[in-house]
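Okay, thanks for having me.

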Amino acid sequence: MEGSRGNLYFFNTLTRKKERFVPLEKGKVKMYTCGPTVYDYAHIGNFRAFVFEDLLRRWLKYRGFRVVQVMNITDVDDKTIRASRKKGVSLKEYTEYYTKAFFEDIAALNIEKAEFYPRATEHIPEMVALIKKLLEKGYAYRGEDGSIYYAISKFKDYGKLSKIRVEELKPGARVKVDEYGKEEAWDFALWKAWDEDDGDVFWETELGKGRPGWHIECSAMAMKYLGETLDIHCGGVDNMFPHHENEIAQSEAATGKRFVNYWLHNEHLLVEGKRMAKRFGNYYTLRDLIKMGYDPTAVRYLLMSTHYRQQLNFTFEGLEAAKGAVERLRNFVRRLLDADGKGSGGKVEVLVEQVKRGFEEAMDDDLNISVALAALFDFVRDVNRLMDENAVSREEAEEVYGLMMRFDKVLGVIGEVRREERLPKEAEELIRRREEARRAKDWETADRIRAQLRSMGIIVEDTPEGVKWRFEKQ
Ligand SMILES: [Zn+2]
């Protein structure tokens, strides 16, 4: 769009540098984003990652790219098995519930749908094939417990993403659990031989009776839907090690090709300055915030408005401010609908050019949302001032409206804004007269006026809080 495609810059974790984004195929972006582990409701820290990825996706589309995004659903791993067994229901029944909740939550946050949401349990054959390849190539071995492990000493690039040091690794030091210490590199499980803790969760495969490790799930599903090399892989900084490091090791050892060209990681979310944890009493899901009366759009705005590579300190004060910011944008757009002034003499045009440049340059620079939003709010302030002077013509207002809608394709917070609904003068008068009649207990007149309003498409209801009216739905 506007010839600027190709001028996007992203900070690539792999090189620790801002790099110009060049996709593998012109005009198309193949993007993988680690999805939820569906053992519980996702929390706002999880949603920070998903909102950042949504902003990235929307910006790529704004810049004219066709985006193919894959987000996996981890519906089998240590946590889902443990939780479903504790609850005494089947793994499928358990994970279905939280998968559905996840889709409800991302819809509430106005997160665009990815093109693919593959479930781990539906891709066991792909994982088995990948593990077999790693065994054949000598990158994997069977441990004495029957599980199959990845031999990280065989992969010379191990540690290139997270920069973890592997030289102190003791040969044969292994870990079977999916999540392990951030400080140490271990041979990790690709295929876990069944044990009692797995209950009825297992697959009978060429590799034996068991289930996949968490890390292999992402490699297998990413490559199935996007090919052996992807443009972009995102996730929270938490997942850089071991998860993403292991994804690289698995994929590159199997294919001999580079797995991902650009790795983008979002920083942590803190709550009131502290790490979020249930035991600190500062742990929130989106549902918690909605129950407290907050609009998910304000939550989206708050999660989005701090640059993704900065720590975000979530506070309720910040959430109130986010709500105010969204309202400011909506009120501005609502006001544009009614603007019909004398014309600004070219001032609006200059402001439009300015904000477009400011917003776009900032977003092209590694999604610098704070700078982009600052440019946008300067613009809102300046056009508001012109509207105060009745200096914005209908045509100018329409142009600004169109631009705001284009920006909102990226931000996703304004949505559909309608004119404030107002009663025609005549109807106001009728409602007033009906009230008088009711006070005088003249029910006949009151009913007649109600019918008259109804014929105008206005429904009147008498409620304990007084008279309410609404327009009849078309
Ligand atoms: Zn993943």
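**A quick tour of the chain**

So, of the 474 residues in the protein chain, 54% count as buried, where buried means under 20% relative accessible area with a 1.4 Å probe, protein chains only. Before I go on: this is a predicted model, where local features need pLDDT of at least 70 and side-chain atom pairs count only at pLDDT 80 or more, while totals for chains, interfaces and linings use all residues. Residues are numbered from 1 along each chain as its sequence is written, and side-chain values use heavy atoms, with hydrogens and water left out.

The C-alpha trace spans about 90 × 55 × 40 Å along its principal axes. Secondary structure comes to 14 helices and 17 strands; those are DSSP runs, H or I of at least four residues for helices, E of at least two for strands, numbered from the N terminus. On contacts, meaning heavy atoms within 4.5 Å: take the ones with a separation of 6 or more, and 75% of them come from residues 24 or more positions apart.

Now the inside. The largest nonpolar core has 92 residues, and Leu 60, Ile 232, Phe 314, Phe 379 and Met 404 touch the most other members. A core here is a set of buried Ala, Val, Leu, Ile, Met, Phe, Trp, Tyr and Cys residues joined through side-chain atoms within 4.5 Å. Apart from that one lies another core, of 49 residues, including Cys 34 and Phe 259.

Next, helix H2, residues 78-87. Its buried residues are Asp 78, Thr 80, Ile 81, Ala 83 and Ser 84, and they pack against H3, strand E8 (187-193) and strand E10 (208-212). At the N-terminal end Asp 77 does the capping, with a side-chain oxygen 3.2 Å from the backbone nitrogen of Lys 79. After H2 comes Gly 88, with a positive phi near 75 degrees.

Last stop: where does His 123 sit? His 123 is in the loop between helix H3 (91-108) and helix H4 (124-136). Buried or exposed? His 123 is buried, at 4% relative accessible area. What does its side chain reach? The backbone oxygen of Arg 119, at 2.7 Å. That's a polar contact: a pair of N or O atoms within 3.5 Å, and within protein one must be able to donate a hydrogen and the other to accept it, with residues adjacent in sequence counting only if both atoms are side-chain atoms. Leaving out residues up to four places away in sequence, His 123 touches Pro 118, Met 221, Lys 224 and Tyr 225.

Key. Buried < 20%, exposed > 50% of the residue type's maximum accessible area, 1.4 Å probe, protein only.
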